[in-house]
Amino acid sequence: MTRSTMVLSAALGLGLAATMTAVPASAVALDRSGPAQATTTSSYVGSAKEEADNKAFFEAVMKSAKAKQAASPGLAAVTVTYDASRAPSFATEIARSAQIWNSSVRNVQLRAGSNADFRYYEGNDSRGSYASTDGHGRGYIFLDYRQNEQYDSTRVTAHETGHVLGLPDHYSGPCSELMSGGGPGPSCTNPNPNTAERNRVNQLWANGLKAFDKAPFTKVH
């Protein structure tokens, strides 16, 4: 089924979720053929607010995952649970992104399931795709239709998922750096984190938020 034919079901899912999680207003109206799509542009420019949102998102997800891990001490890796049901058009990219990260790091693993630590949403937004929180301690990733048509969709999804794991944007980086996002241009299709990014994620999830506070939320080089 194509993304355009799955829009209605996604909208219905968002309606059911409205009382649980605040989402971008643009995610409620998912008509890809309407004016919203025509005015949507790919952001990939970065801002202080975006960096703050990414940090808040990571903190919310880590706190949620660590709280659940406390009930099962002795686990080698923290499990972060995600809900992709509100982004059905990107099911393949989300699953692939989780697979990429799970094979890249050892101290945290991504799993689809209930009682999620964060959710994926889809729709049209002039900001493009981004990670943020709803203001109530819950995180979400928004995947923008237009941006995912302009750039490699698996790279976009894996990049945004990198924010779940604590990585900031670094748009000036090379294509080999996942968190450079759209900086290298649409021709870059690399969906894999480099060695520095993998090591940073392992460090963060091995030591928790205390290590995060000691190592400022700075760009990965």
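Does G182 count as buried or exposed, and at what relative accessibility? At 8% relative accessibility, G182 counts as buried, where buried means under 20% relative accessible area, exposed over 50%, and partly exposed in between, with a 1.4 Å probe and protein chains only.

## The model

This is a predicted model, in which local features need pLDDT of at least 70 and side-chain atom pairs count only at pLDDT 80 or more, while totals for chains, interfaces and linings use all residues. Residues are numbered from 1 along each chain as its sequence is written, and side-chain values use heavy atoms, with hydrogens and water left out.

## Overall layout

The protein chain has seven helices and five strands, which are DSSP runs numbered from the N terminus (H or I of at least four residues for helices, E of at least two for strands). Read from the N terminus on, the elements follow the order α-α-α-β-α-β-β-β-β-α-α-α. Of the 221 residues in the protein chain, 53% are buried.

Among contacts (heavy atoms within 4.5 Å) between residues at least 6 apart in sequence, 68% join residues at least 24 apart.

## The largest nonpolar core

A nonpolar core is a set of buried Ala, Val, Leu, Ile, Met, Phe, Trp, Tyr and Cys residues joined through side-chain atoms within 4.5 Å. The largest one here holds 33 residues, of which V80, W101, L110, F118, V164 and W205 touch the most other members. Elements that each supply at least two residues of this core include α3 (48-69), β1 (78-83), α4 (91-104) and α7 (195-214), and the largest share, five residues, comes from α3.

Leaving aside its neighbours within four places in sequence, W205 is in contact with several residues, among them F58, V61, M62, V80, V108 and V164.

## Where α4 meets α6

The helices α4 and α6 pack at an angle of about 55 degrees, with their axes 9 Å apart; axes are lines fitted to C-alpha atoms, for helices over the stretch in contact, and angles run from 0 to 180 degrees between N-to-C directions. The two helices are therefore oblique to each other, since angles under 35 degrees count as roughly parallel, over 145 as roughly antiparallel, 65 to 115 as roughly perpendicular and the rest as oblique.

In this pairing, E93, I94, R96, S97, I100 and W101 in α4 meet S153, T154, T157, A158, T161 and G162 in α6.

G182 lies in the loop between α6 and α7. G182 and Q147 are 35 residues apart in sequence, and their C-alpha atoms are 9.5 Å apart in space.
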